Amino acid sequence: MRVVFIGTGEIGAPTLQALLASKEHEVVGIVTQPDKPVGRSQRVEPSPIKKAVTHITLPVLQPRKIKDRQAIEEIVAFAPEVIVVMAYGQILPREVLEIPRLACLNLHASLLPRWRGAAPIQATIAAGDVETGITVIYMDEGLDTGDILLQRKIVIRPNETGESLHDRLAEIAPKTLIESMRLLSGGDAPRIPQDGALASYAPKLNREAGKIDWSEPAETIERKIRAFNAWPGAFTTVTTKSDKAQNLKIFSAVVVDHRGSPGEIIYADERRLVIAAGSRALSLEEVQLEGRRRMSAADLVRGHPGLAHVGGSSAFRNKA
C-alpha cells in the first residue's frame, strides 16, 4: 500500500524504519514538524523523523500548520492509501483524515481509552499502572477517540522510568503497525469502539509539572520521579546555609519508613539524604544541583554541608 507517514517524536522513528524496510508497503511521503532550536545552544535541528530519512531520497513536508491549504494539497498529491501518524504534535483536520483511500491510523503509546492526550507514558508510570502498550486506532476528529484496530500490551517494570518505557514502546510499535496494515489490506481489520466512560486524560507537560509537592505520599512522589525521567524532570528547591535557593533535579529515590513534616530533611550525612513526604519519606539517590553535574545524594551533602531545607519548608533536623 502507498503510505504517508506523519510524525515528529523519536518514538516514531523505528516504526518509520520498519515501513521503509517493508516489501509490502511503499512510503511515498513524510510530514513532520519544522526544524527548531534545541538544547542550551539553541542550535536549529530537524526532527528525529526527518533525521531518519536523510540517507534516502523521499519527499519531506514540514508545514508550520498541517491544516494550511498548501500542506493539504501536497498530501493529496501523494495519493496515499493509508496515512500513519505517530507523535506528530498537531491535530489533523477532517480534510487530512479523509485523504487516504483506506484509513488514517494513529499509533498511541497507551492502552486506550486510558491516557488519551500528549503525555501517556509519564501518566502511566505516575499513576502506578501495571501494564501499558501501543494502540492502533482509526483516527477521527476527537483527541485519541477513534475506534481501535489493534492493541499490544507490555508489563511495566518496578524500576521503569519515562525514558525506559518510551524506548520499550518504540520497540513494539513497528510490529504492531505492520500487523495492523496486514489486517487492513486483507479487508478483515476490526473496528472496536472505545468506551468513553473508561477514558482518562494525560495533558501536555511543561517543566513546571516536574516540581515536587512534598505533601504527597512518598510512593506517589517516587513514581513521579521515575515518570518524569528524562522529561520534564522531577525537581525541588534546596536552600544552603547562605540562604541561596537552587533547583535540585532528582533522578531516582527510594521510599523509606521514616516520618516528618512534608519537606523536612530527616537525615543529611555522608550516607544519605532523607526527606519527609506527606506519608513516609524518600531517600534520594541520584541528583543534580542547578548548574552542576549529576551526583549521588551523599556527594551533594558532602559538597554542601549547610544544606538547610527543600521545597520551601524550613523544617530541618539531622538525626545522624
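With Lys and Arg counted as positive and Asp and Glu as negative, the chain of this predicted model carries 41 positive and 38 negative side chains, and the centres of the two sets lie 4 Å apart. The secondary structure comprises 8 helices and 20 strands, and the C-alpha atoms occupy a box of roughly 70 × 40 × 30 Å along the principal axes. Of the 320 residues, 50% count as buried, while the chain exposes about 15,500 Å², of which carbon and sulfur atoms supply 50%. Among contacts with a separation of 6 or more, 66% are made by residues 24 or more positions apart.

Side chains of opposite charge can pair when their charged atoms come close. The structure holds 23 salt bridges, including one between Glu 24 and Arg 182, with an N to O distance of 3.1 Å. This pair links distant parts of the chain, since Glu 24 lies in the loop between α1 and β2 whereas Arg 182 belongs to helix α6, 158 residues apart. Glu 24 is partly exposed at 41% relative accessibility, and Arg 182 is likewise partly exposed, with a relative accessible area of 48%.

A further salt bridge joins Arg 69 and Glu 95 at 2.5 Å, N to O, and connects helix α3, which contains Arg 69, to helix α4, which contains Glu 95, the two residues being 26 residues apart. Arg 69, at 42% relative accessibility, counts as partly exposed, as does Glu 95 at 39%. In the salt bridge between Arg 101 and Glu 81, the N to O distance is 2.6 Å; Arg 101 is placed in the loop between α4 and β7 and Glu 81 in the loop between α3 and β6, 20 residues apart. Here Arg 101 is exposed, with a relative accessible area of 58%, whereas Glu 81 counts as buried because its relative accessibility is 19%, under the 20% cut-off.

A nonpolar patch of about 320 Å² is made by Ile 91, Leu 143 and Tyr 201, with Tyr 201 lying in strand β11.

Gln 194 occupies the loop between α6 and β11 and counts as buried, at 13% relative accessibility. Beyond residues up to four places away in sequence, Gln 194 touches several residues, among them Leu 112, Arg 116, Ile 137 and Asp 147.

Terms used: Residues are numbered from 1 along each chain as its sequence is written. This is a predicted model: local features need pLDDT of at least 70, side-chain atom pairs count only at pLDDT 80 or more; totals for chains, interfaces and linings use all residues. Side-chain values use heavy atoms; hydrogens and water are left out. Helices (H or I, at least four residues) and strands (E, at least two) are DSSP runs, numbered from the N terminus. Buried means under 20% relative accessible area, exposed over 50%, partly exposed in between (1.4 Å probe, protein chains only). Contact means heavy atoms within 4.5 Å. Accessible areas come from the Shrake-Rupley method with a 1.4 Å probe; for residues, only the protein chains shown count as cover. The place of a charge is taken as NZ of Lys, CZ of Arg, CG of Asp or CD of Glu. Patches are made of residues with over 30% relative accessible area and no salt bridge: like charges are joined within 9 Å, nonpolar side chains (Val, Leu, Ile, Met, Phe, Trp, Tyr) within 5 Å. A salt bridge is a side-chain nitrogen of Lys or Arg within 4 Å of a carboxyl oxygen of Asp or Glu.
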